[in-house]
Amino acid sequence: MTSEIQTKTSFLHDPSNPNLRFLEEVSAHTAGVSRLEMCIQCGTCGGSCPPAADMDHTPRMLFAMIRAGFREEALSSNTPWICVSCYHCVVRCPQGVHIADVMYTLKSMAIRAKLYQDSTAPDFSRSFVDNIEKYGRSYEFGLATRHYLKHFPLRLPGMAPMGFGMLTKQRMDIMPHKIDNIDQLQAILERAKEVEGLS
Amino acid sequence: MNDKYLYYPGCSMESSAKAYSESLAAICEPIGLHLEEINDWNCCGATEYIGISLTPAYSLITRNLALASLQADGTRTVVAPCSACYLNLAKADYYMQERPILGENVNTALAAGGLHYDPGSLFIRHLLDVIINDIGLDKVKSKVVRPLTGLRVAPYLGCMVPRPDYEHRWSNPEYPNELDRLLKTLGAEVIDFPLKTHCCGGHMTQIGPNTAFELIRRLVSSADQYRAEVMVTLGPMCQMNIDAYQGEMNRHFHTDYRMPIIFFTQLMGLAFGLNAKQLGFGRELVGTREMLQRIGVEAPEPIEAVPAHKPRMKEGLPMPRMPGDEEVN
Amino acid sequence: MTEQDQFEPVIIGFTCNWCSYRAADLAGTARVKYPPNVRLIRLMCSGRLDPTFVMKALASGADGVLITGCHPGECHYIEQNYKALRRYQLLKRVFAQLGIEPQRVKLVWASAAEGVKLAHEITTMVEEVRALGPLHWGASNGREVHDHLPTEDMELPEEAEVMA
Amino acid sequence: MTGPFDSASKSPERIGVYVCHCGTNIAGVVDVAEVRDWTEKRLKGRGVIIARDYKFMCSSLGQEMIEKDIQKLGLTRVVVAACSPHLHEQTFRNACQRGGLNPYLSELVSIREQVSWVHTDKHAATDKAKAVVSGGVERVIKNEPLEPLRVPINEATLVVGGGIAGIQAALEIADAGFPVYLVEREPSIGGHMAQFDKTFPTLDCAACILTPRMVSAGTHRHITLMTWSEVENVSGYVGNFTVTIRKRARYVNTELCTGCGICQEKCPKKVIDQIYEAGMGYRKAVYTPFPQAVPRYPVIDKPNCTYFSKGTCKACEKFCPTNAIDFNQQDELITVQVGNIILATGYDLFNARRIPHYGYGRLANVYTNLEFERLSNAAGPTNGEIVLRDGKTKPKSVGIIHCVGSRDRNYNNYCSAICCMQSLKFAHLVHERTGATVYNFYIDIRTTAKAYDEFYQRVLEEGTLFVRGRVAEVTDAARKPEEEGRLIIQVEDTLAGKQRRIPVDMVILSAGLEPRKDAKETAKLFGISCSADGWYIEKHPKLDPVATMTEGIFIAGCNTGPKDIPNTVSQGAAAAARVLGRIQQKEIFIEPVRASVNQDKCSGCRICNNLCPFNAISFIEDRKVTEINAALCQGCGTCVAACPAGAISGTVFSNEQVLSQIDGLLMLNLEYMKEAPELVAV
Amino acid sequence: MNANGTKPKFAMYWAAGCGGCEIAVLNIGEKILDVDANFDVVFWPVAMDAKYKDVEALDDGAITLCLLNGSIRNSENEAIAKLLRRKSKILVAFGSCANEGCIPGLANLSSAQEIFETAYNTISTDNPQHIRPQPSYFVPEGELHIPEFYPIVKTLDQIVPVDYHMPGCPPESHQIAAVIDLVIKALHGEAQLPPPGSVIGAGDSTVCDECQRTRNVKAIKQFVRIQDVRTDPTMCLLEQGVPCNGPATRSGCAALCPQAGAQCIGCYGPAEGVIDYGARLISAYASVIDAKEPAEIDRVLDGLPDPAGQFYRFNLARSLLRAARSAWIKS
């Protein structure tokens with residue numbers, strides 16, 4: 001509690017510092033209280049991260065970059081896109097930083113700043129969300145097929161048996177479900193986007 | 001006190017995790033679990049929406065809670081069987097309290113649909129939590145007619161149920177014992193699976209298969225080292241990744257693992273003496289025949305392709321006609 | 001308190017000699033800024049706080065009262081701050097019946113190390129009370145209570161003596 | 001039925017007010033001259049006959065100014081507006097005393113910490129300063145002349161805890177020729193230090209330096225040693241405590257026992273020693289924890305003794321050459337009178353099981369630091385052989401993990417202070433005894449005391465590998481063949497910026513230090529205060545680190561927070577010095593902040609009777625009135641505030657003083673209500 | 001009987017109050033004859049016919065002893081209080097109303113408007129045109145005046161200086177008798193009157209002093225309402241959870257209520273030197289509640305449904321805050 005107040009007061013009172021402005025921006029766009037400013041660079045996150053090997057930077061490095069105000073570098077890092085949301089880092093972090101949620105924040109900021117390198121993940125999220133916004137439900141079949149065709153056409157033959165299996169075992173529906181009150185949902189999402197300043 | 005639970009199935013329960021919902025439906029009656037589905041619930045956005053936006057994503061999730069509170073009358077508990085759904089609902093509820101501004105924004109959005117949700121007014125819990133802590137293992141034990149004696153199972157919870165565990169509902173975020181205790185109650189031989197809460201790759205199977213395959217390999221090989229005959233899980237995504245992508249993973253690493261993975265509700269059903277088909281057996285891609293035989297259960301006929309849905313192309317999968325497909329074909 | 005037009009609340013703060021008063025000292029040594037509207041009184045312990053003090057302050061023209069003490073379990077007199085807590089909770093109920101807004105009387109725990117927290121709490125409270133406006137507790141009554149306080153006319157005789 | 005004081009009257013006092021500039025500390029923000037003039041003009045009616053301002057009131061010149069005025073102008077009250085009373089209250093009280101005025105007829109009000117340092121608007125700050133001064137003036141009028149309380153000191157001292165801190169304190173006092181009761185819960189004194197092998201950074205053997213101290217403590221003519229004993233009740237007050245101690249039955253007659261040890265050889269019952277051997281070794285049901293134990297005679301561990309559980313055996317009794325075994329012994333309650341008490345109750349180790357992903361309790365070859373101390377101890381279960389749990393295999397590689405349960409808001413926020421050096425010590429020992437590759441996993445290396453960093457350098461030279469990164473997990477789940485059957489430490493090497501998986505044979509967890517499980521109960525028993533997590537709170541963390549809020553009770557060693565041996569020892573000595581100081585004074589002076597009952601007004605309603613944690617309040621049955629023992633009273637004032645009849649009053653913080661101060665503080669505010677323009681525009 | 005052969009003059013007046021004090025005086029039995037024997041009763045509306053103008057006609061200070069009961073609710077009360085002050089040597093604030101507002105003082109919890117609403121506009125009142133009392137009203141015969149209703153009930157000494165305070169609702173008859181004795185003795189120079197401003201006809205300590213019930217240390221787990229429980233007649237009521245005001249209430253009534261099995265409700269007001277009666281009880285009760293968690297504490301406090309009524313039933317007008325905010329705010 002106190003630490004929150006202290007850190008908040010300490011840097012909220014210093015608008016002059018551009019580095020902190022980026023840190024604040026990230027915190028502001030994070031769902032919970034990010035506590036990013038509390039990071040002591042111990043590396044628990046990087047050590048815990050299952051796919052760390054595939055990341056440009058370990059989460060810890062990313063946080064250092066954020067604090068240093070390296071906007072471009074941080075937002076174009078593939079790290080948030082590799083994050084599998086396993087929350088190992090979150091529960092182990094000795095400083096209680098909401099790491100996983102910061103990763104989500106960085107993704108959305110990267111998309112807005114068009115700074116991501118590989119479009120695979122953003123596209124996947126995008127089309128996933130398109131479905132939701134259209135039907136109110138996810139639509140694995142349409143999603144998987146389109147997505148694979150676009151990004152891993154060469155894998156498709158390999159994947160075919162699995163996809164086929166999923167179909168024949170009736171674990172994928174050809175047609176999407178739609179919720180009854182889709183208008184209500186869409187209205188809500190519209191308003192939400194206004195609040196967010198997206199539309 | 002109202003003993004019903006508000007039930008949020010989540011999309012997968014109707015598609016990739018049919019076996020989960022079928023088996024759940026089958027065991028509800030014996031253990032006296034009353035689930036009332038939330039009317040017109042919508043997708044929770046999985047891990048995708050929150051990676052694109054904040055308020056819209058949380059509004060999407062919270063619509064379900066708002067609908068739930070309309071149905072609440074007396075009960076305050078929302079049950080989700082799917083890990084990702086459970087976490088998203090819990091998360092929204094928690095963060096709307098931790099960051100009041102988020103709460104305000106979300107409710108501003110919900111207002112557009114004539115809805116409102118007071119964060120903290122509902123308890124969001126996972127199915128397993130409810131079965132262990134409300135129904136109780138004694139009740140479960142009393143229903144066991146076919147103990148799974150000798151069956152070596154690897155309890156696999158995945159990430160999003162025990163972590164981050166905002167409300168401290170689980171014995172431990174890394175080595176929770178709830179699932180182990182349940183499976184032991186069913187008479188199974190439970191291995192001390194070190195990776196019980198490690199990651200299956202989540203959506204990486206879609207966007208970074210190589211990353212995902214490595215994570216799947218770790219789990220499957222470790223379970224194999226411990227001579228588990230089956231992995232038992234409680235999350236559709238985990239089940240799907242390890243089951244559906246196991247073949248692909250084998251191809252990738254030139255390995256030949258055949259580690260079946262099923263839902264804990266399916267095992268409960270078996271122990272309760274229900275028949276395998278009714279429990280959704282046969283829907284898995286990595287067969288469970290051997291495992292079933294170990295406990296003397298007749299494996300159901302593998303589910304056959306539905307003619308109507310025969311693929312039109314020779315290879316690859318049929319493309320549904322959807323707007324914005326121009327660039328692909 | 002320069003502009004008459006902008007209302008500047010006056011808040012009397014009661015502090016515990018061991019925690020919150022030291023917290024105030026710490027805020028000072030750390031040069032943490034907070035509005036000058038609060039005037040602190042040192043007690044040995046929040047347990048010394050007699051509800052009479054709070055009523056007296058409000059009746060005598062204060063717009064709010066801030067009660068502070070050691071965190072529960074950290075009282076330097078073992079557990080006296082729990083008594084303060086209980087008196088506070090009962091007092092609040094009486095004040096509610098007397099139409100005193102809850103924001104005007106607050107209880108805050110602040111350890112000797114929490115100078116920043118204390119400053120923060122003071123700042124928040126001053127703003128809240130400012131928003132509520134003056135308490136004006138029976139202005140007439142206020143005068144009576146303060147009759148002994150020096151006014152120009154009270155000084156006159158002294159002057160007279162001097163002159164004579 | 002008017003207010004607490006006759007509000008119409010003018011104060012008869014002759015008051016002097018002194019406003020300090022404190023250089024520019026105050027004068028930079030507060031218009032000091034303005035405050036002075038205002039005070040002199042507006043508060044004349046309240047008896048202020050002189051107001052002065054001065055650069056540094058605390059300087060000798062400033063103090064003389066006050067002394068002179070008291071003598072020349074016959075001041076009856078003094079108000080100084082300067083810094084916090086916690087800084088200079090005593091200074092100005094002394095000045096008044098020298099001037100011939102009772103010191104308690106002065107007030108120091110803070111216009112620095114509470115005005116000039118925290119406000120920026122000079123005008124507002126000046127106005128507030130006026131209010132603060134007028135508050136002080138109103139208050140001082142109600143001050144009463146007081147004398148500090150005198151309490152005679154009993155020469156005996158109770159020391160609780162026979163670790164190195166307690167031993168040190170006891171010896172210091174006893175050597176000065178005063179009696180000491182040294183109470184220890186375990187069968188032998190020695191504490192944690194007795195379990196260690198080497199001590200950092202000098203690496204001298206713990207036993208070699210500790211044992212002599214233990215022996216002299218055990219044999220000192222002024223020290224009454226009570227082991228296997230616990231304090232059960234404490235009453236009384238500084239200078240005069242009455243303490244009841246439970247001396248648990250040893251079932252060994254210490255008069256007859258020679259400590260030959262035959263009983264231990266003959267005893268058929270082996271028990272895992274959870275305390276001294278940290279679960280790594282065995283002892284008998286009749287035992288002394290270790291060979292150099294003081295006192296040397298054993299205890300019978302009743303729950304584990306075959307005779308007590310089955311009714312037969314008595315092997316010890318049969319073979320005892322001096323018939324010292326006595327199965328009929330009972331616990332004894334011993335009452336002692338002491339003047340001061342020193343608590344040296346030590347610490348507990350953080351339970352590493354709480355971090356399951358470090359594998360302790362699940363993975364055989366994960367050790368805690370205490371386990372390793374025993375493992376490496378020449379007198380330990382393996383005679384100092386550093387081996388895996390199988391008891392024979394020497395490790396080829398060892399990982400030492402720092403900050404286990406420390407610096408972690410999931411467990412303990414604080415740094416356990418000793419782990420860095422301890423881990424370095426382990427690294428050295430492992431290297432020296434096994435030649436194994438040693439990894440140290442750390443967040444920061446904190447080697448701040450004398451010769452500590454030099455030791456770090458030495459360990460670096462020995463080739464210990466340092467990985468900067470907090471270990472994420474210790475697992476046996478192998479991914480590669482070379483990981484099979486080993487413990488894999490997964491960590492981010494933060495300096496390389498890469499995740500690493502390092503296979504080792506043995507892992508040592510440097511578990512942090514925690515308050516004793518029963519620290520809170522102990523604090524309650526002795527009436528001292530204790531932070532939420534259980535560390536004891538010093539009277540002042542910097543200026544009075546071994547004293548507590550409760551007069552006559554001192555604290556030393558790890559019960560106030562993690563400490564290394566040098567600090568622990570110096571605290572033991574410091575506490576002893578404080579006690580000796582007290583004893584030499586023969587009597588002590590206590591701030592006269594006390595409550596008292598006006599028994600004519602007391603109706604014996606007994607509301608106040610259980611409000612006092614120091615048991616100062618007692619009810620006189622026959623006269624049906626309550627009385628307060630001034631020596632026990634600590635002056636918190638809770639009973640004063642609680643008395644429904646207004647029959648209890650408290651000195652220094654009386655109702656009259658506080659209520660008048662409120663009037664004073666609010667005066668400015670009232671002036672505004674009356675819209676006195678000459679005050680508004682400054 | 002003084003020098004010029006006339007008896008000292010006695011007056012008694014009934015301001016805003018229930019009249020119980022008047023009855024209490026009459027209740028002193030044959031002592032009342034002493035009053036008549038020693039005093040010339042010049043003004044006592046209850047006992048005799050007299051006009052305000054007769055009083056005005058007297059010289060200032062002509063009345064030796066004046067017992068004034070009732071609080072100051074309206075302009076008439078105030079006018080007469082000032083008049084009698086002027087005419088009296090010894091003015092005694094007689095009874096709880098005059099001293100601390102008593103039950104009428106509870107009106108200070110509401111604004112004048114709210115009070116009128118209750119008085120002139122409830123289901124039980126038939127007042128279709130919402131008529132309110134008018135201070136002055138014109139009729140063919142001329143202008144009628146009724147006293148002005150003040151927003152706040154005041155105690156006597158908030159209006160005029162008072163020589164003695166005699167608490168109680170009403171004051172105990174034996175105490176009255178004693179006081180009258182004393183005054184008479186004093187008149188004959190056989191006794192000394194206590195210093196002005198002091199409380200007469202009561203003790204200095206509190207009700208517990210005179211209460212015969214056994215008292216122990218207190219740890220209150222819950223408050224109960226006396227009608228809901230069977231209390232132990234020998235034990236302190238407060239210890240049994242019954243909110244008894246005895247500990248804070250001035251002695252003098254011989255613990256009448258507790259002895260009769262009911263809790264003290266505080267009619268004798270605060271003990272000597274106490275500034276705010278309610279504050280004493282708030283502090284005392286809260287101190288002995290046996291709970292540490294805010295929620296738990298609230299649970300216990302819920303046992304006191306009307307704290308202000310509990311602690312200020314007789315004392316509101318004399319308390320530090322004196323009235324609710326709504327009553328202070330001038331409309």
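# Exercises on salt bridges and nonpolar cores

Asp348(D), Arg354(D), Glu514(D), Arg516(D) and Lys517(D) are linked in a network of salt bridges (a salt bridge is a side-chain nitrogen of Lys or Arg within 4 Å of a carboxyl oxygen of Asp or Glu). This is a predicted model, in which local features need pLDDT of at least 70 and side-chain atom pairs count only at pLDDT 80 or more, while totals for chains, interfaces and linings use all residues. Residues are numbered from 1 along each chain as its sequence is written, chains are lettered from A and ligands numbered from 1 in the order in which they are written, and side-chain values use heavy atoms, with hydrogens and water left out.

**Exercise 1.** Find how many salt bridges the structure holds over all chains, and state which residue of chain D pairs with Arg92(A).

*Solution.* Over all chains there are 96 salt bridges. In one of them, Arg92(A) pairs with Glu473(D), with 2.9 Å between the closest N and O atoms. Last, check burial, where buried means under 20% relative accessible area, exposed over 50%, and partly exposed in between (1.4 Å probe, protein chains only). Arg92(A) is buried at 3%, and Glu473(D) is buried at 5%.

**Exercise 2.** Locate the partners in the salt bridge between Arg185(D) and Asp518(D).

*Solution.* The closest N and O atoms of Arg185(D) and Asp518(D) are 2.8 Å apart. Arg185(D) sits in the loop between strand 7 (180-183) and strand 8 (198-199), and Asp518(D) in the loop between strand 28 (513-515) and helix 14 (519-526); the pair links distant parts of chain D, 333 residues apart. Arg185(D) is partly exposed, at 36%, and Asp518(D) is also partly exposed, at 22%.

**Exercise 3.** State which residues have the most contacts inside the largest nonpolar core.

*Solution.* A nonpolar core is a set of buried Ala, Val, Leu, Ile, Met, Phe, Trp, Tyr and Cys residues joined through side-chain atoms within 4.5 Å. The largest has 219 residues, and Phe14(C) and Phe95(C) have the most contacts inside it. Leaving aside neighbours within four places in sequence, Phe95(C) is in contact (heavy atoms within 4.5 Å) with residues including Val54(C), Met55(C) and Leu321(E). A second, separate core has 150 residues, among them Leu62(A) and Leu33(B).

Key. Helices (H or I, at least four residues) and strands (E, at least two) are DSSP runs, numbered from the N terminus.
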